[in-house]
Amino acid sequence: MAQGVTPAGINPNARINPTTERKLYKKVVDNVLNSRTLMARMMGNGKPFNGKTFDIPVKITDSGLGEYFAGLETLSSAASNTLIELSFAHTAFAQPVVSVMLESFANSGPEQSIDLDVFKLEEAVGETIQSLGTAMYGTGSSNQPLGLEAHVDDGTNTSTFGGQSRTTYPALNSTVTASSGTLTLAKLATLESTISSAGIETEYPTIHVTTKTVWDLYERLLQPSVRAEYASVGYPALSLRGNGIVRSRADLKGAAGFTALSFRGIPVIADEACTSGVWYMLNERYLEWRGRTIVPSKYAGVLEKVSLTGNTMEGVAAEIKAPSDAGWFFQKMQVMPNQAGMIGRFYVIGQLVGSQPRRQGKLTGITTV
């Protein structure tokens, strides 16, 4: 029986307490963390961040030099300047892991049910994911990485993108449409058509992300026969990594995945950190997580890439662990000079970068259908 806790049910008496051990469940059940599905998918598909900045050349205007002619007219020979560079610098997040020496002594031996030190590592990863998953929907303020409210924006939240002015270069604006409160299939179709290029598969959204509330509203829009199918065979799923194909749970073969609906064959997932009342249409080909992958030579032996294989937790923290090595590092546990304990740190160093904001869009202010 836990110290200081009156158990639910019949309280063990004085004959039982000295003669019988308690049964301690061998995992910590997470009751705090919430799902951060977009962050897990972005980082699960993360790519290396190299150089002091990650710069992307983009075309932002037509040269206007093409012309029709009939004979021997003088044709244009002017030079054109149609390119600019988007520049992204990395950001950094740190999460400490503290081990108290006397607690490690008490937790050692055959009486150990849960490895306390491994649990503290897993707990730190889960809390890191929670913080980064929230930042994925921000504007990049307070040293955070650029979130969707910066990437999917028309200049309302951020006047610049990748160091360039959205006023000077309107091509850097995304499509932001007010829903007037209601979610309809027609509004979703209009938004998709606006941000896509007709007939070119790569220029269509690859994923839709929204809140649990709006996800539920969208399900109500689906035809009754589709809802009945979900009820009978279960919801399909989107894999944590790889392409955006929605599969049955059986096809995932036990791999991590998110419950998904579909709009025109594209997965729709819910994220508990998503901005209230917003439906994001994202083209992941032009929106990606870039993370540092090389340990500087001076820090070799001190920092290492994250490799967490512990299994001490259940719940959200167990389902979404360190998604990839793109940006994730661990500072090895070191004895604190003046204290009886050790400290280590997780670092996540990288940036959410985008190269074509016009292929991203969002529907805002959704409250009903």
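## Terms and basis of the model

Two residues are in contact here when they have heavy atoms within 4.5 Å of each other. This is a predicted model, in which local features need a pLDDT of at least 70 and side-chain atom pairs count only at pLDDT 80 or more, while totals for chains, interfaces and linings use all residues. Residues are numbered from 1 along each chain as its sequence is written, and side-chain values use heavy atoms, with hydrogens and water left out.

## The chain as a whole

The protein chain holds nine helices and 21 strands, where helices (H or I, at least four residues) and strands (E, at least two) are DSSP runs numbered from the N terminus. Of its 369 residues, 41% count as buried, a term that stands for under 20% relative accessible area, with exposed meaning over 50% and partly exposed lying in between (1.4 Å probe, protein chains only).

The chain exposes about 19800 Å², and carbon and sulfur atoms supply 54% of that area; accessible areas come from the Shrake-Rupley method with a 1.4 Å probe, and for residues only the protein chains shown count as cover. Among contacts between residues at least 6 apart in sequence, 74% join residues at least 24 apart.

## Strand S21 and its partners

Strand S21 (residues 361-364) pairs with strand S8 (residues 175-178) in the parallel sense, over four bridges; two strands pair if DSSP finds at least two bridges between them. Within this pairing, Lys-362 of S21 stands opposite Val-176.

Strand S15 (residues 279-282) also pairs with S21, in the antiparallel sense and over three bridges, and here Gly-361 in S21 is the bridge partner of Met-281.

Which residues of helix H5 (residues 185-195) are buried? They are Leu-188, Ala-189, Leu-191, Glu-192 and Ile-195, and because they cover an arc of only 165° around the axis, they lie on the same side of H5. The arc is that of the directions from the helix axis to the C-beta atoms. The face of H5 turned away from this buried side carries the exposed residues Ala-186 and Thr-190.

The buried residues of H5 pack against S8, S15 and S21, and also against helix H6 (212-221) and strand S13 (261-263).

## Aromatic pairs

Rings of Phe, Tyr and Trp (its six-membered ring) pair if their centres lie within 6.5 Å, with planes under 30 degrees apart counted as stacked, over 60 as edge-to-face and the rest as tilted; by this rule there are six aromatic pairs. One of them is the edge-to-face pair of Tyr-218 and Trp-279, at 5.1 Å centre to centre and with 70° between the planes. Since Tyr-218 lies in helix H6 and Trp-279 in strand S15, the pair ties together parts that are 61 residues apart in sequence. Both Tyr-218 and Trp-279 are buried.

Phe-330 and Phe-346 form a tilted pair, at 4.7 Å centre to centre and with 45° between the planes. Phe-330 belongs to strand S19 (residues 328-335) and Phe-346 to strand S20 (residues 341-354), so this pair ties together parts that are 16 residues apart in sequence. Phe-330 is buried, with a relative accessible area of 9%, and Phe-346 counts as buried at 3%. Ring pairs also link Tyr-218, Phe-263 and Trp-279 into a cluster.

## Thr-91 in strand S5

Thr-91 has its place in strand S5 (residues 91-100) and is buried, with a relative accessible area of 14%. Leaving aside neighbours within four places in sequence, Thr-91 is in contact with Asn-143, Gln-144 and Pro-145, and also with Val-348, Ile-349, Gly-350 and Gln-351.
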